[in-house]
Amino acid sequence: MTGSASVPTAEVGQPLVELRDVQKYFGSLHVLQDINMSVARGEVVVVIGPSGSGKSTLCRTINRLEPIDSGTITLDGQPLPAEGRALARLRADVGMVFQAFNLFAHKTVLQNVTLGPMKAKGVKRAAAQEEAMRLLERVGVANQANKLPAQLSGGQQQRVAIARALAMKPKVMLFDEPTSALDPEMINEVLDVMTSLAKEGMTMVVVTHEMGFARRAAHRVIFMDDGRIVEEAAPEEFFTRPKSDRAKDFLSKILTH
Ligand SMILES: Nc1ncnc2c1ncn2[C@@H]1O[C@H](COP(=O)(O)OP(=O)(O)OP(=O)(O)O)[C@@H](O)[C@H]1O
């Protein structure tokens, strides 16, 4: 499979993340129902759907921030570990950028990006710093390296959060509404970084309300409603010819805003 003509240029390969018959409850709420989903290496999957449909929970189960009640989730063919060192390794393999800012407030930008590789992977300080500076350059905030996160704009903080996740050399990046807490002028800065990662072949699962990003960078859009995957299609197909009434209704509401 190759990407849609508009952006994704990376070839998409074998399955990397697989969810099979996943069920999850919060008390009596069946928040994830019969989830079957496969994300291929190099694929960019955008997850959209109404508020409360289970998008964040889906994302959080993929790196075990939320346990599941039944079913299986595998990364690179391996079942997700529940605890211990294997779980720490998994967290390194699955980079995550949340909607709220994800940084240690009392560490500098540079420390935020170097700590993970030094602690989790035993990378020496000098090498970790060199790589961190390269990544900060990559996301356009190298000149902020010695500042504290609070001294940065929201968009800059999210770009540091992306650099921090990339420093762990993840196999897949999960983004959970990474721009939702940002001022409008900051949103594009972050989406541009995400788009370039997508073009370079990073495997990504992105929960977002930014339909422009979905059109431009996704190989596939997954539409969730009430804890289920209701529909999935290439973006050009989904946005022009949604099949389910729920997706049509959802798109008509968000596209008129
Ligand atoms: N820790 C929790 N305990 C109990 N219920 C929860 C918990 N987290 C989420 N929920 C409920 O699970 C449902 C799905 O939540 P989730 O955050 O996954 O939805 P979402 O699609 O990401 O929504 P939004 O777009 O508003 O962020 C919601 O009804 C929510 O209230």
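**Domain, sheet and helix packing**

Author: An unreviewed UniProt entry carries the annotation "domain: ABC transporter", which covers residues 17-251. The model discussed here is a predicted one.

Reader: Over residues 17-251, what is the make-up of the chain, and how far apart are the end C-alpha atoms?

Author: Within the range that the UniProt annotation covers, the chain is 40% helix and 26% strand. For residues 17-251, the distance between the end C-alpha atoms is 27 Å.

Reader: In the open sheet of four strands, which strands stand at the edges, and why is one side of each left without a neighbour?

Author: The four strands follow the order 2-1-4-5, with antiparallel pairing. A strand at the edge has a single partner strand, so one side of it is left without a neighbour in the sheet, and this applies to strand 2 (29-40) and strand 5 (78-79).

Reader: How many bridges join strand 4 to strand 5, and which residue in strand 5 stands opposite Thr-74?

Author: Strand 4 (residues 70-75) runs antiparallel to strand 5, and the two are joined by two bridges. Opposite Thr-74, the residue in strand 5 is Pro-79.

Reader: Which strands does helix 1 touch, and what angle does its direction make with that of strand 1?

Author: Helix 1 (residues 55-62) packs on the sheet, where it touches strand 1 (15-26), strand 2 and strand 4. The direction of helix 1 makes an angle with that of strand 1 of about 120 degrees.

Reader: In the hairpin of strand 1 and strand 2, which residue takes a positive phi?

Author: Strand 1 and strand 2 are paired in the antiparallel sense by eight bridges, and Lys-24 stands opposite Leu-32 in strand 2. The hairpin has two residues between the strands, and the residue with a positive phi, near 60 degrees, is Gly-27.

Reader: Are helix 5 and helix 6 roughly parallel or roughly antiparallel?

Author: Helix 5 (residues 154-166) packs against helix 6 (residues 184-199) with the axes 8 Å apart and an angle of about 20 degrees. Angles under 35 degrees count as roughly parallel, and therefore helix 5 is, relative to helix 6, roughly parallel.

Reader: By class, what residues make up the contact of helix 5 with helix 6?

Author: Residues in helix 5, including Ile-162 and Leu-166, meet residues in helix 6, among them Val-190 and Leu-197. By class, this contact of helix 5 with helix 6 comprises seven nonpolar, three polar and two charged residues.

Note on methods
Residues numbered from 1 in each chain as written. Predicted model: local features only at pLDDT ≥ 70, side-chain atom pairs only at ≥ 80, totals over all residues. Heavy atoms only, no water. Axes fitted to C-alpha atoms, helices over the stretch in contact; angles between N-to-C directions. Parallel < 35°, antiparallel > 145°, perpendicular 65-115°, else oblique. Contact = heavy atoms within 4.5 Å. Nonpolar A, V, L, I, M, F, W, Y, C, P; charged D, E, K, R; others polar. Pairing = 2+ DSSP bridges. UniProt positions renumbered as here; feature names shortened; annotations may be inferred.
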